[in-house]
Amino acid sequence: MKTVLAIVAASFAALPVQAGNVGIRVVDAGGKPVADAVVTIHPASGVPAGPIRFPWANQVIQKNIAFNPGTLIVPVGATVTFPNQDKVRHHVYSFSKAAKFEIKLFGRDESRSYTFRTPGAVALGCNIHDSMSGFIKVVDTPFAAKTNATGGTLVEGVTGGKAKLTVWHPRLRAKDNEAVFDLDVPASGEIAKRIQIVLR
Amino acid sequence: MAGGISGLRRGAERLGASLSAKMTLFYAGLFALAAALILLGAQTGISAYAERMVASEMAAGAKVFDRVTTMRYAQLGDAGRVLAADFGFREAAATGDAPTIASALDSLKGRLDLDQAFFVDIDGNLTGFAGALPAGEAETLRAALEGGADRGVLRIGDLRFNAAAAPVEAPMTIGWVVFGNALDGGEMAALSKLSAIDLAPRIVPASDLPADMALGTASEIDASGERMLVQASPIASFRSDDPQALLLEYSLTHALAQYAPMLWSLLICGIVGVMMAAAGSWLLAKRITRPIRALDAAARRVAQGDYAQVAVETRDELGTLADSFNRMVDDIGERERQITHMALHDGLTGLANRTLLREHLAMTVARPSIDRKQALFCLDLDNFKVVNDTLGHPTGDALLCEIARRLSDFAGDGFVARLGGDEFALVIDDSQRPLDRIAHELIQTVASPCIVNGHRIVPGTSVGISILGADGIDSVTLVKNADLALYRAKHDGRGGYRFFEAEMDAEAQKRRQMELDLHDAIAEGQLSLMFQPLFDLNQGRVSAFEALLRWHHPTRGLVSPVDFIPLAEDTGLIIPIGEWVIREACRVAKGWPDHVRVAVNVSPVQFRNPGLNTVILQALSETGLPPNRLELEITESLFIDNAETTLASLHSLRALGVRVALDDFGTGYSSLSYLRSFPFDKIKIDRSFIIDLLNSEGATAIIKSITTLAEALGMETTAEGVESAGQMDILREQGCSHIQGYYFSKPVTEDAVAAMLDGGAEARRAANG
């Protein structure tokens, strides 16, 4: 049911008047593709009004002592649920400025949620399992996507004209782990952008 | 001065040459060599050991440092990780809550006794660092931490720390906690105490080390005359761009100096040992050489005739040598006594010999006695040769021993010597009885009959006496004079004694001179032959000439054969003279008519010479004279000695055809057995019978019997010394076949013979008339 709602919302968002597609490929200093980098585009003309919806669920599942997905993009104001599908309990926390919270010990098939009201990157950890690491990128633009295993992604229907392209990655060597680039988005059609970043 | 130096040198040579010195030098040298080797070995060993020991201490020190720091890093790291894992601290770190972070670090610093505890965030901001941080250090530190540095020596400014870091994760790394302890002098001193020796550990930047220095191993360097062993070991450095090294060093010179007392005591022990070895071997050598020197000294004394004995002190080889030496000395002494005895004594009788007599005489003469006279009595045995020849040498020797015994008994305190053969000598003084009485009794003592080897023998002797001092003062003169007296005593008739008189010496001198002259006579042709005819009464002609020797001495004139023939016989000169006579007679007779023979007198001495037959044969063959024209005249005395040899010789001559006549028949023994034993061709009746012929009836009877006997035996007869017609008539009446004498003719020269033979008719007439 929720999946169906998400699909409907996405189809609405993909109906701008003048928009182009931006294909982005993120590589590191060595030219290797960087996966799970979050790309956001802020058109100079401003983001379209209205609620922002993404075609994926606002949830981070804890399964096999890991956060899944490891990186989740959510719009500002979204409430993210943290269902625990492991047999053990977890203690999810975040010391990030964007959202400092703590969901103390919750067990199997229990779900907690948290509403992210500030844009920014949130690093998730589990106080019980140090190896667990996850990120939630709270964005204030609908034009956001994360790179796949080949470092590539496609942001569709971006408002044409000048825009700021921001690449975030938890290991990106920069303040707040972000790099910002200027971008000319075509009114229609598609541009491909290769972004090289330096990782820690 | 020079003498002193050469004396020193001689002393040194003797020392160098002596066995003791050699042994001492050898063993002391050997020991010194051994001690030097030990010292060298000890020094080398100690040096190697010390080096190895220091090196191993260094290796151990480096390892200890490693261990200690590793432990320290582990502690620091653990503490850091505990803090970094703390939820509250992580929260404070993540939210940048600096006061909370600082207070937490401060509290831990006090609890864990740390010198440094601070937090470095991901952007290189430090929180809680004690002291001032030099510019730029923060970023380097951050870079190092981001590069993964988590432990090691951390250098910040001039300070060094043992530091460990732990990342703070929320869950991404948001920074690092760094804990550190200062690596100051105290810390290094504490580390140094962990080694047995002070290795003076220091930590230096690896870049400060010499480029060629090998890391991890000890190497030797020369630091201003001191041998230093240095080892640089790499240690964990916090910042990989700032490598650090642990430098350990130790002075080998100092290490070796610690062994110096040991080496010194070894050296002293070696020197003392060498001295002890020298002293010991010197004493041992002395002990060994003392008996050798004793033997040497004894050998020198033995060489000088002193039969020294060596004391046998030990039972070892030297003792055995000394024992053998003593026995050898005894044996040599005994043998020398034997040799001396043999040299001075007669082997057969044990009496003193001529040499000892000479010594005794010399000694006695040198100590003349005032109140008594000493005399030398020389004697020999009559006819001793006959005893030897007829009864054999063993009996002769036994007789000599018997005589020696008698003489020894007789002499009493006197001295008895055997001079050789049958000659003896006695030296007796006149303290008991007069010398002539002694001589008389001596003859009687020797002459008493004795039985030797079953044979009864009556020895006989004559004695010659010379008086010591009066008749000579040296042994040679005394013996010579006694011999002269003996010669005279024998000449006077056997069984008598004579004292030496000065004339005897003169006579002897004369004889000696004549002997020398006679020698020259043969060589210088002073000898000549005269010939006296033998007249054959039956045939009325000269049948032969008797060759008679004449000596015309250049100063003494004509010398009588009676004087020089006995001398020639005594000296053996009769041999060459007789040979000359035979050759000369044969040569002359060759020129005579065939019926005329030549008669030659042959002495017994000539017959004793084995060459006589050869001489006769050569004379005959050289001259070509038929053997039957040579007539040898021999006397009975020829048969007294060696009758058999003489007979054999005569028979062989006669077999050749040489005629043999018996001369001087009627004198001496005139044994008829001679006539039977040899077939003489002729008997010559001695002139003594002819002289008596006119005065004595008996003489005629004797002539008659001789001629009758000769006729019966088929021998001719010749009467010698016929001086008158009366004698000739009687002889003719009594059947004598030949005459010889002044009545018919004196001996004539060779030339006169020829004249006589030419005038043979006249001679015949004279004979017949």
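Student: In this predicted model, which residue of β22(B) stands opposite Glu633(B)?
Tutor: Happy to start there. β21(B) is joined to strand β22 (residues 659-665) of chain B by four bridges, and the two run parallel. Within that pairing, the residue of β22(B) facing Glu633(B) is Ala661(B).

Student: And on the side of strand β20 of chain B, which residue stands opposite Leu630(B)?
Tutor: Strand β20 (residues 597-601) of chain B runs parallel to β21(B), with four bridges between them. Opposite Leu630(B) you will find Val598(B).

Student: Let's move to chain B's other sheet topic: what is the order of the strands in the open sheet of five?
Tutor: The pairing in this sheet is antiparallel. Its edge strands are β2 (126-127) and β3 (151-156) of chain B, each pairing on one side only. Strand β1 (residues 116-121) of chain B pairs with β2(B) over two bridges, and there Val120(B) stands opposite Leu126(B). Read across, the order in chain B is β2-β1-β5-β4-β3.

Student: At about what angle does helix α2 of chain B run to β4(B)?
Tutor: Helix α2 (residues 19-85) of chain B lies across β3, β4 (159-169) and β5 (173-182) of chain B. Its angle to β4(B) is about 35°.

Student: What about helix α5 of chain B: what angle does its direction make with that of β1(B)?
Tutor: Helix α5 (residues 137-146) of chain B packs on the sheet and touches β1, β2, β3, β4 and β5 of chain B. With the direction of β1(B), the direction of α5 makes an angle of about 80°.

Student: How wide an arc do the buried residues Phe564(B), Leu567(B) and Ala568(B) cover around the axis of α16(B)?
Tutor: These three are buried in helix α16 (residues 561-571) of chain B. In general, an α-helix has 3.6 residues a turn, so residues three or four places apart point the same way. The buried residues of α16(B) pack against α15 (502-524), β18 (541-553), β19 (557-559) and α17 (574-590) of chain B. They sit on the same side of α16(B) because the arc they cover is only 100°.

Student: How many residues apart are Arg372(B) and Asp429(B)?
Tutor: These two form a salt bridge whose closest N and O atoms are 2.2 Å apart. The pair links distant parts of the chain, with Arg372(B) in the loop between α10 (354-366) and β10 (374-381) of chain B and Asp429(B) in strand β12 (residues 423-429) of chain B. Arg372(B) is partly exposed at 34%, whereas Asp429(B) is buried at 16%.

Student: How many disulfides does a search of the whole structure find?
Tutor: As a reminder, a disulfide is a covalent bond between the sulfur atoms of two cysteines. Among the cysteines, Cys401(B) is partly exposed at 31% relative accessible area, and Cys586(B) is buried at 0%. Over all chains, the number of disulfides found is zero.

Student: Finally, over in chain A, what distance separates the C-alpha atoms of Pro48(A) and Thr141(A)?
Tutor: Pro48(A) is in the loop between β2 (38-43) and β3 (61-62) of chain A, and it is partly exposed at 38%. Beyond its neighbours within four places in sequence, Pro48(A) contacts Pro142(A), Phe143(A) and Thr159(A). Although Pro48(A) and Thr141(A) are 93 residues apart along the chain, their C-alpha atoms are separated by 8.0 Å.

How values were computed: Residues are numbered from 1 along each chain as its sequence is written. Chains are lettered from A and ligands numbered from 1 in the order in which they are written. This is a predicted model: local features need pLDDT of at least 70, side-chain atom pairs count only at pLDDT 80 or more; totals for chains, interfaces and linings use all residues. Side-chain values use heavy atoms; hydrogens and water are left out. Two strands pair if DSSP finds at least two bridges between them. A disulfide is a pair of cysteine sulfur atoms within 2.5 Å. Buried means under 20% relative accessible area, exposed over 50%, partly exposed in between (1.4 Å probe, protein chains only). A salt bridge is a side-chain nitrogen of Lys or Arg within 4 Å of a carboxyl oxygen of Asp or Glu. Contact means heavy atoms within 4.5 Å. Axes are lines fitted to C-alpha atoms, for helices over the stretch in contact, and angles run from 0 to 180 degrees between N-to-C directions. The arc is that of the directions from the helix axis to the C-beta atoms.
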